Amino acid sequence: MPGAIYAEGLVKTFGDVRALDGVDLDVPEGTVLGLLGPNGAGKTTAVRVLTTLLQPDSGRAVVAGIDVLKNPDEVRRRIGLSGQFAAVDEYLTGRENLQMVGQLYQMRAKDAKVRADELLERFNLADAADRTAKTYSGGMRRRLDLAAALVVSPPVMFMDEPTTGLDPRNRQGLWEVIKELVAGGTTLLLTTQYLEEADHLAHDICVVDHGRVIARGTSDQLKAQTGGERVEVVVHGSGMIADARGVLARYGIAGIGHGEVSVEDHTRKLTVPVAGGAKLLAEVIRDLDAVGVEIDDIGLRRPTLDDVFISLTGHAAEREAEENGGLGGESLPGGRGGERVKEAAE
Ligand SMILES: Nc1ncnc2c1ncn2[C@@H]1O[C@H](COP(=O)(O)OP(=O)(O)OP(=O)(O)O)[C@@H](O)[C@H]1O
Ligand SMILES: [Mg+2]
């Protein structure tokens, strides 16, 4: 039986761009699917198709048991959507915005008011509840939009990058709300560029790039696919990077797209996937010492979803510019040589 969100062979083109290039999805009822991908991967397009806002060129989709193309109105009655760009009424106050949603869903005025107050509290908007949304900051609008999507708890929810632009405290708050929602039986599809977020919230993850699902599984499965542990070394001087790379290359294990030493020049950090555990670390330290490489830091770590992304797509997930000013943080392994190059934001 198909899950609460089901899609088969979705294709959507915009001119030359294949925003969706044959996407299949199946999300069991009561679970969270994380749709993970960089800018332009097709996440929003997928959400828009599944929420009836956009017609696909081909493929089919069933949401909450209803065919999305044949019965869009029925689907709309059963879903909630919070978009990447907040859809709040500027001229209403925060409280009025939420009460209005309640009324649209035919809640009794009193219930709508109680629910609005509850959500304003949850999303740290209580103090601003009676100001028009026009006066809200970007993060406040985002939170109001999310609150609006949660006025009623529909059986199926879609959230497109729900935490982009939220500060850590509000992000944490939203994670809690999402967990409660899912504990209450809601099926959720959420898109994110934050690998940590998918790791934290999603039962299953689909990694999308260029309109295709390039990997799927649980966070643990995806990490296992990327190989085991990594040795991470920070060398004392930039002049030592080449020698350190030579040493580490001997320890790299081969696999799909890995086994190579990656280097982040500005932090003097080298990373290589290894097999062997803690004992290996001592050997690496000895070998580095033997060639005169001084180390500032060395450690063994489990692969993160960032590693997964890099090994699957050949490039790192792009983060919001707010996080790293558009450079610095994310560097990318080039194809063959294991060189990392910086990629300009798209
Ligand atoms: N209405 C449109 N007209 C033309 N091209 C579009 C339109 N909507 C999306 N695209 C293109 O389709 C591709 C996928 O876009 P989409 O918005 O789905 O990506 P995304 O994964 O949501 O990206 P982001 O992380 O930046 O939100 C992009 O190349 C985008 O430019
Ligand atoms: Mg998007």
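Q: Why does Thr192 count as buried?
A: In this predicted model, Thr192 has a relative accessibility of 1%. Buried means under 20%, so Thr192 counts as buried. Thr192 is found in strand 8, which covers residues 187–192.

Q: What makes the pair Thr192 and Glu197 a polar contact?
A: The side chains of Thr192 and Glu197 are joined at 3.2 Å. The cut-off for a pair of N or O atoms is 3.5 Å, and the 3.2 Å of this pair lies within it.

Q: Which residues does Thr192 touch, not counting residues up to four places away in sequence?
A: Thr192 touches Leu35, Leu36, Gly37, Lys43, Glu161, Glu197 and Ala198. Touching here means heavy atoms within 4.5 Å.

Q: Why does Leu188 count as buried?
A: Leu188 lies in strand 8 as well. Its relative accessibility is 0%, and the limit for buried is under 20%, so Leu188 counts as buried.

Q: Which residues is Leu188 in contact with, leaving aside its neighbours within four places in sequence?
A: The contacts of Leu188 are Val27, Thr31, Val32, Leu33, Met157, Phe158, Met159, Ile178 and Val182. The C-alpha atoms of Leu188 and Val156 are separated by 5.9 Å, although these residues are 32 residues apart along the chain.

Q: What makes a set of residues the largest nonpolar core here, and which of them have the most contacts inside it?
A: Membership requires buried residues of nonpolar type joined through side-chain atoms within 4.5 Å. The largest such set has 43 residues, and Leu98, Phe123, Leu150, Met159 and Leu188 have the most contacts inside it. Helix 6 gives the largest share of this core, six residues. Apart from this core lies another, of 27 residues, among them Val49, Leu50, Ile66 and Cys206.

Q: Which residues does Leu98 touch, not counting residues up to four places away in sequence?
A: Leu98 touches Ala116, Leu119, Leu120, Leu144, Ala147, Ala148 and Val151.

Q: How do you know that the span of helix 5 is close to the expected one?
A: Helix 5 (residues 138–149) has twelve residues. At 1.5 Å a residue the expected span is 16 Å, and the helix reaches 17 Å from its first C-alpha to its last. The two values are close.

Q: Why is helix 5 called largely enclosed by the rest of the structure?
A: Nine of its twelve residues are buried, so helix 5 is largely enclosed. The buried residues are Gly139, Met140, Arg142, Arg143, Leu144, Asp145, Leu146, Ala147 and Ala149. Their cover includes strand 6 (79–82), helix 3 (94–104), helix 4 (109–122), strand 7 (156–160) and helix 6 (168–183).

Q: What is the order of the six strands in the open sheet, and what is the pairing?
A: The order is 6-7-8-3-9-10, and the pairing is mixed.

Q: What makes strand 6 and strand 10 edge strands?
A: Strand 6 and strand 10 (212–217) each pair on one side only. From one strand to the next, the twist averages 15°.

Q: How do you know that strand 3 and strand 9 pair?
A: At least two bridges are needed for pairing. Strand 3 (residues 32–36) and strand 9 (residues 204–209) have four, in the parallel sense, and therefore pair. Gly34 stands opposite Ile205 in strand 9.

Q: Which strands does helix 1 touch where it packs on the sheet?
A: Helix 1 (residues 43–50) touches strand 3, strand 6, strand 7, strand 8 and strand 9, and its direction makes about 150° with that of strand 8. Helix 5 also packs on the sheet, touching strand 6 and strand 7, with its direction at about 180° to that of strand 6.

Q: How many bridges join strand 1 and strand 2, and in what sense do they pair?
A: Strand 1 and strand 2 (residues 17–27) pair in the antiparallel sense over eight bridges. Tyr6 has Asp26 as its bridge partner in strand 2, and Val11 stands opposite Asp21. The two strands form a hairpin with two residues between them, and Gly15 in the turn has a positive phi of about 60°.

Technical notes
Residues numbered from 1 in each chain as written. Chains lettered and ligands numbered in written order. Predicted model: local features only at pLDDT ≥ 70, side-chain atom pairs only at ≥ 80, totals over all residues. Heavy atoms only, no water. Buried < 20%, exposed > 50% of the residue type's maximum accessible area, 1.4 Å probe, protein only. Polar contact = N/O pair within 3.5 Å; in protein donor to acceptor, adjacent residues only side chain to side chain. Expected span 1.5 Å × (residues − 1). Axes fitted to C-alpha atoms, helices over the stretch in contact; angles between N-to-C directions.
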